[in-house]
Structures are given as C-alpha cells and as structure tokens.
Amino acid sequence: MTTDHATPTWWRHAVIYQVYPRSFADSDGDGIGDLPGALSHLDDLVELGVDAVWFSPFYRSPMADAGYDVSDYRDVDPIFGTLADADALLAAAHGRGLKVIVDLVPNHSSDQHRWFQEALAAGPGSAARARYVFRDGAGDDGAYPPNGWQSVFGGAAWSRVPDGQWYLHLFHPGQPDLNWENPEVRAEFEDILRFWLDRGVDGFRVDVAHGLVKAVGLPDQDAAGGGGPMWDQDGVHEIYRSWRKILDGYPGGRIMVAEAWVSPPERLGRYVRGDEMHQAFNFEFLQAPWDATRQREVIATSLATTAAVGAPTTWVLSNHDVVRHATRLAGPAGAPLHQGIGAADPHPDLALGLRRARAATALMLALPGSAYLYQGEELGLPEDVRLPDEVRQDPTWLRSGHTIRGRDGCRVPLPWVADAPSYGFGPGPSSWLPQPDIWARYALDRQRGVAGSTYELYRRALALRREYGLGTTGLIWLDLGPDVVAFRAGTVLVLANLGTAGVPVPDGVAVVLASGPLADDGTVPTDTTVWAR
Ligand code: GLC
C-alpha cells in the first residue's frame with residue numbers, strides 16, 4: 001500500500017520531517033540556513049522517503065527566540081529569503097509529492113511587531129494595548145509585577161514599559177503574549193491562516209497551542225491548580241474549532257498539529273476532537289524512558305486516548321527543543337529534556353545512544369498513526385554536548401543567569417558532505433553554531449549506500465513502512481517476555497528487545513528489517529528492534 005497524497009486523509013499515517021531552516025542548508029554562505037538551501041535538498045528528502053515536511057518559522061523576526069518571535073506573519077525574514085522563495089519551495093515540494101506544513105506562532109508576537117510598537121506608543125487603556133496583556137503593577141507605586149508568573153525561559157513573565165505598565169510574556173520579553181479575549185486578535189489570525197492556505201500550504205504546526213487563553217483574572221499559580229493558570233485552559237478549544245472550519249473550506253486535507261505540553265493524555269485528546277485539530281505531538285512517548293514496561297504502557301495509552309476521539313496517534317522522538325534521542329536514550333531516565341548538556345557535564349555513551357535510538361526509531365515507525373522525524377536523526381546525529389558556552393544562542397542560557405544551557409545542542413547545522421567546508425551545510429567555512437569534528441562521520445555522503453548506516457536504516461524502514469502499509473494498521477500485542485515490546489501490525493511482526501538477554505525471532509517469520517546486527521545464533525540482541533514477516 002502506498003501513501004495517497006491526493007486523499008484528504010494523507011495525514012493519518014504520514015511521516016513528517018521537521019526542517020529547522022537555520023540549521024538545514026545554507027545557500028548563500030552566511031552560515032545560516034535558508035529557503036533556497038532547503039529547496040536544493042528536497043530531492044534528498046524524497047530519497048529518504050518522507051511524506052511531508054514541517055518548516056519551523058521562517059517569518060520576519062528579530063530572532064530573540066530563533067524566529068519564534070514573529071514581527072510579520074505574512075513575510076519571510078531576509079536571512080531565510082523572500083516570499084517568492086517560500087512560494088518556490090512550496091511549488092518544488094508539491095512537484096515532488098511532498099506536503100508542506102508551516103509553523104504558526106499565535107501565543108505571542110515579537111515586540112517588534114507593528115501591533116506591539118503601536119501598543120507602546122498608544123499608552124495605557126488604549127485599543128492598541130488591548131491586543132496584548134498589559135496590566136498595572138502591584139504595590140503602592142506599581143513597581144512589582146502584576147502576579148508571580150514565571151517565564152518558561154527564566155525570570156518574571158512580566159516586563160515594565162516606560163509609562164509604568166507591565167506586559168505579559170510567558171517566554172522571552174521579546175515575545176509579548178497576545179490577548180486572545182480580543183476579537184481583533186482572533187480575526188487577524190484567521191486572516192493569517194487564509195494567507196498561507198491561499199499560497200497552498202497543507203497545514204500548520206501550532207506553537208504553544210495550550211497557552212493562548214489564560215485563566216480569568218490571571219490568578220497566581222497556587223490558586224489555580226491543574227496545569228497552571230496559563231496552560232491548557234478550556235477556552236483554547238473554541239479557537240481551534242473556528243480554525244478547523246476555515247481549513248475544511250480548502251481542498252486536499254489541510255491540517256493542524258498541536259504543540260501542547262499537557263497531561264494527562266486525556267487532556268491532549270481534547271485538542272484532536274473531531275472538530276478541532278487533526279493531530280497533537282505525543283510528548284508522553286518522547287519522554288518515555290527506554291524501559292519495556294513503560295514503552296508498552298505509553299503506546300497503549302496513546303492509542304486508546306486518540307481512538308476515543310477518532311484521531312490518529314502521532315509519534316515523535318526528537319525536535320528542536322529537546323536533547324536528541326541518540327543522546328537522550330543513553331542518559332539517565334527522567335533527565336531534563338530542554339536544558340541541554342554542557343561540556344563539563346557527564347556525557348552519555350555515543351554508541352549506546354545510537355544503538356537505542358535506532359531501535360526506538362524502528363519501533364516508532366511500525367506503530368499505527370503518523371510519525372514525526374527531526375532533521376539529522378536519519379544520520380544518527382547526537383546532541384552536540386561539547387558546544388562551547390560562549391557560542392550558545394538559546395535565550396534560556398542568558399535568561400537563567402547561565403545556569404540552564406538550553407536547546408542549542410540539538411540545533412547545530414547538519415553535515416551533508418564529510419570533506420567540504422561546513423560539512424556541506426553551505427558554501428561558507430562556518431555556521432551560526434559551530435559544528436563539532438565528529439560531524440564528519442555522520443555526514444550524509446558517508447552513509448548513503450553504506451549497508452548498516454543509520455541513513456540506510458531509515459530509508460529502508462520508510463520504504464517498507466509504505467510497502468506494508470504500516471501506520472495504517474491496528475496493533476495486536478504479543479507477549480515475548482517482560483523486557484520485550486512486541487506486536488503484530490498488519491502482516492509485520494515487530495520485536496524490540498530492551499532487555500539484556502538475546503530474544504529468539506518467533507518461528508515462521510523472517511527478519512526484513514533490523515535496527516542493528518543480529519547475534520551469531522540469530523537472536524535479537526539487547527537494544528535492537530526487528531521487523532519480520
Ligand atoms: C515552542 C517552540 C519553541 C519556542 C517556544 C516559544 O515551544 O517549539 O522553540 O521557544 O514555543 O515560541
């Protein structure tokens with residue numbers, strides 16, 4: 001069975017590849033990836049065998065948070081190219097049968113957005129301020145923030161403007177939160193959706209989808225309970241229902257995927273009810289430790305909670321915000337995801353991490369539903385744990401007073417060619433984050449056509465997934481022991497060995513894919529996944 005790009009349900013089992021534009025490919029040698037660079041590598045993504053590409057933000061931005069601070073939602077930042085480049089990229093992707101999802105950042109704009117500049121100029125009580133969350137301060141002269149909310153990047157979630165008022169920013173001060181109680185804000189984003197839908201995009205990844213609506217009265221954390229007064233408020237769902245109506249007016253199956261860090265899983269299920277979003281990232285799966293019991297549990301719970309609302313499950317192991325899974329899975333279970341790893345910290349074993357990452361990916365790509373890949377994981381790239389602190393750019397590092405390193409280690413530009421300047425990332429010798437020497441061994445040209453390479457494992461897994469209709473089938477659990485995750489998906493038997501002893505392949509089937517070498521006696525060794533038929 002093949003993925004049918006013409007059907008409006010393509011997304012239910014699609015494999016979607018995340019491009020982080022500044023680190024994917026640089027066409028002009030300034031050391032920052034761009035849209036023409038991405039276009040020049042689309043054929044590589046076709047060869048890899050993905051169905052769709054999600055592009056992290058490429059809009060106009062002063063880059064306080066690498067483009068997640070948007071100053072113009074309808075234009076491309078000059079460092080990435082032009083609107084014409086975006087149109088060309090979209091056409092080129094469609095011409096190759098790839099769907100395109102763009103990032104939508106509705107929780108906050110940039111402080112350089114025209115609206116925020118107008119709000120600053122217009123003063124307290126103005127209509128321009130009502131597009132954001134401005135409040136008077138606490139204390140006699142208003143010198144204290146209106147409440148005790150903390151920014152995700154560290155420090156207070158409020159900053160004071162010269163006339164004495166404060167504005168809310170759940171993230172960086174350069175990312176003022178929009179006021180979603182204001183109909184003007186709602187109308188503006190409906191128009192932005194149409195702007196990109198009219199250009200032909202196939203969907204939106206909705207940034208911080210659980211944050212747009214805040215609890216009435218902005219109560220302090222203790223008083224509100226649950227996920228906190230700024231997250232996962234019931235009011236967000238009305239927004240997504242209105243967006244769904246807009247998307248459904250376009251042909252071809254246009255989708256929304258929620259970035260919502262919420263729990264328990266039933267709360268996430270609410271984002272993918274029939275009249276809301278199509279998908280939500282499965283961060284429970286991403287965060288699950290490399291432990292068979294926990295893996296079985298999280299897979300079963302994920303399938304049950306999405307089935308309850310008729311949505312497909314999604315699976316993801318890495319993205320631009322978390323320690324890459326080729327490193328994470330060799331580290332301590334439960335280690336902080338977003339905080340990075342420094343040169344002086346303990347470093348997880350590279351070989352162990354890669355073995356587990358390959359096994360985890362082979363497991364993931366056999367599961368029912370849709371899967372997300374993050375650029376570079378198909379090369380087996382680890383987190384760059386030796387990145388010098390002086391070059392770090394994630395605002396977390398600065399805002400935490402140099403205590404939390406943040407996410408730069410998973411954002412280092414990709415190696416395409418081992419023996420080229422910047423490992424083929426671009427024509428220039430350097431890149432916005434320096435690439436470590438070990439990048440040479442992960443370069444695409446060192447892996448393409450090489451039996452046993454991580455790239456060829458991904459390519460074969462994606463080809464077989466398509467051929468056997470994996471992703472489209474249900475799952476029947478098999479009991480092959482406590483340390484084994486095993487199931488049947490359609491005609492394929494999947495066996496992931498997370499224990500220490502070898503596990504025999506059941507009689508009557510032959511291995512068609514293995515994430516690593518089998519033992520001499522044919523058993524599946526530790527940290528290895530096989531597909532068999
Ligand atoms: C999301 C993005 C992250 C960004 C944040 C603020 O979590 O994935 O990169 O920093 O939103 O926009």
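Which side chain makes a polar contact with the side chain of asparagine 107? Keep that in mind as you open the viewer, and remember throughout that this is a predicted model.

**Stop 1: asparagine 107**

Select asparagine 107, in the loop between β5 (99–104) and α4 (114–122). Its partner is aspartate 177: the two side chains make a polar contact at 3.0 Å. Is asparagine 107 buried or exposed? Its relative accessible area is 0%, so asparagine 107 is buried. Now show what is in contact with asparagine 107, leaving aside neighbours within four places in sequence: Leu170, Phe171, Pro176, Asp177, Leu178, Trp180, Val208, Gly211, Leu212 and Lys214.

**Stop 2: the ligand**

Next, select the ligand. It is surrounded by 14 residues, and the closest are Asp65, Arg205, Asp207, Glu259 and Asp321. Arginine 205 has a polar side-chain atom 2.9 Å from an oxygen atom of the ligand. For arginine 407, a polar side-chain atom also lies 2.9 Å from a ligand oxygen. In glutamate 259, an N or O atom of the side chain is 2.7 Å from an oxygen atom of the ligand.

**Stop 3: valine 206**

Move to valine 206, in strand β9 (residues 203–206). Valine 206 counts as buried because its relative accessibility is 0%, and buried means under 20%. Leaving out residues up to four places away in sequence, valine 206 touches Leu104, Pro106, Tyr240, Trp243, Met256, Val257, Ala258, Glu259 and Met277.

**Stop 4: the nonpolar cores**

Which residues touch the most other members of the largest nonpolar core? Select Phe58, Phe204, Tyr240, Trp243 and Trp531, from a core of 143 residues. Another core, of 13 residues, lies apart from it and includes Trp149, Trp158, Phe171 and Leu218. Now return to phenylalanine 58. Not counting residues up to four places away in sequence, phenylalanine 58 touches Leu35, Asp75, Val76, Asp77, Phe80, Ala86, Val102 and Trp196.

**Stop 5: helix α3**

Select residues 83–95, which form helix α3. At 1.5 Å a residue, its 13 residues should span 18 Å, and the end C-alpha atoms are 18 Å apart, so the two values agree. Colour the buried residues of α3: Leu83, Ala86, Leu89, Leu90, Ala92 and Ala93. What covers these buried residues? The cover includes α1 (35–40), α2 (42–48), β2 (52–55), β4, β5 and α5 (183–199). After the helix comes glycine 97, with a positive phi near 80 degrees.

**Stop 6: helix α16**

Now select residues 454–467, helix α16. Its 14 residues should span 20 Å at 1.5 Å a residue, which agrees with the 20 Å between its end C-alpha atoms. The buried residues of α16 are Thr454, Tyr455, Glu456, Leu457, Tyr458, Ala461, Leu462, Leu464 and Arg465. Glycine 469 follows α16, and its phi is positive, near 70 degrees.

**Stop 7: alanine 292**

Go on to alanine 292, in helix α10 (residues 292–307). With a relative accessible area of 4%, alanine 292 is buried. Its contacts, leaving aside neighbours within four places in sequence, are Pro482, Asp483, Val484, Val485 and Leu498. Alanine 292 and leucine 498 are 206 residues apart along the chain, yet their C-alpha atoms are separated by 5.9 Å.

**Stop 8: some backbone details**

Finish with the backbone.

- Proline 264 is in the loop between β10 (255–258) and α8 (265–269). A cis peptide bond joins serine 263 to proline 264, with omega about -5 degrees.
- Methionine 63 is in the loop between β3 (59–60) and β4 (72–76). Its phi is positive, near 65 degrees, in a residue other than glycine. Methionine 63 counts as partly exposed, at 22% relative accessibility.
- Aspartate 232 is in the loop between α6 (221–224) and α7 (236–248). Aspartate 232 has a positive phi too, near 55 degrees. Its relative accessible area is 12%, so aspartate 232 is buried.

Note on methods: Residues are numbered from 1 along each chain as its sequence is written. Side-chain values use heavy atoms; hydrogens and water are left out. Helices (H or I, at least four residues) and strands (E, at least two) are DSSP runs, numbered from the N terminus. Buried means under 20% relative accessible area, exposed over 50%, partly exposed in between (1.4 Å probe, protein chains only). A polar contact is a pair of N or O atoms within 3.5 Å; within protein, one must be able to donate a hydrogen and the other to accept it, and residues adjacent in sequence count only if both atoms are side-chain atoms. Contact means heavy atoms within 4.5 Å. The expected span of a helix is 1.5 Å times one less than its number of residues. A nonpolar core is a set of buried Ala, Val, Leu, Ile, Met, Phe, Trp, Tyr and Cys residues joined through side-chain atoms within 4.5 Å. A residue is near a molecule or strand if one of its heavy atoms lies within 4 Å of it.
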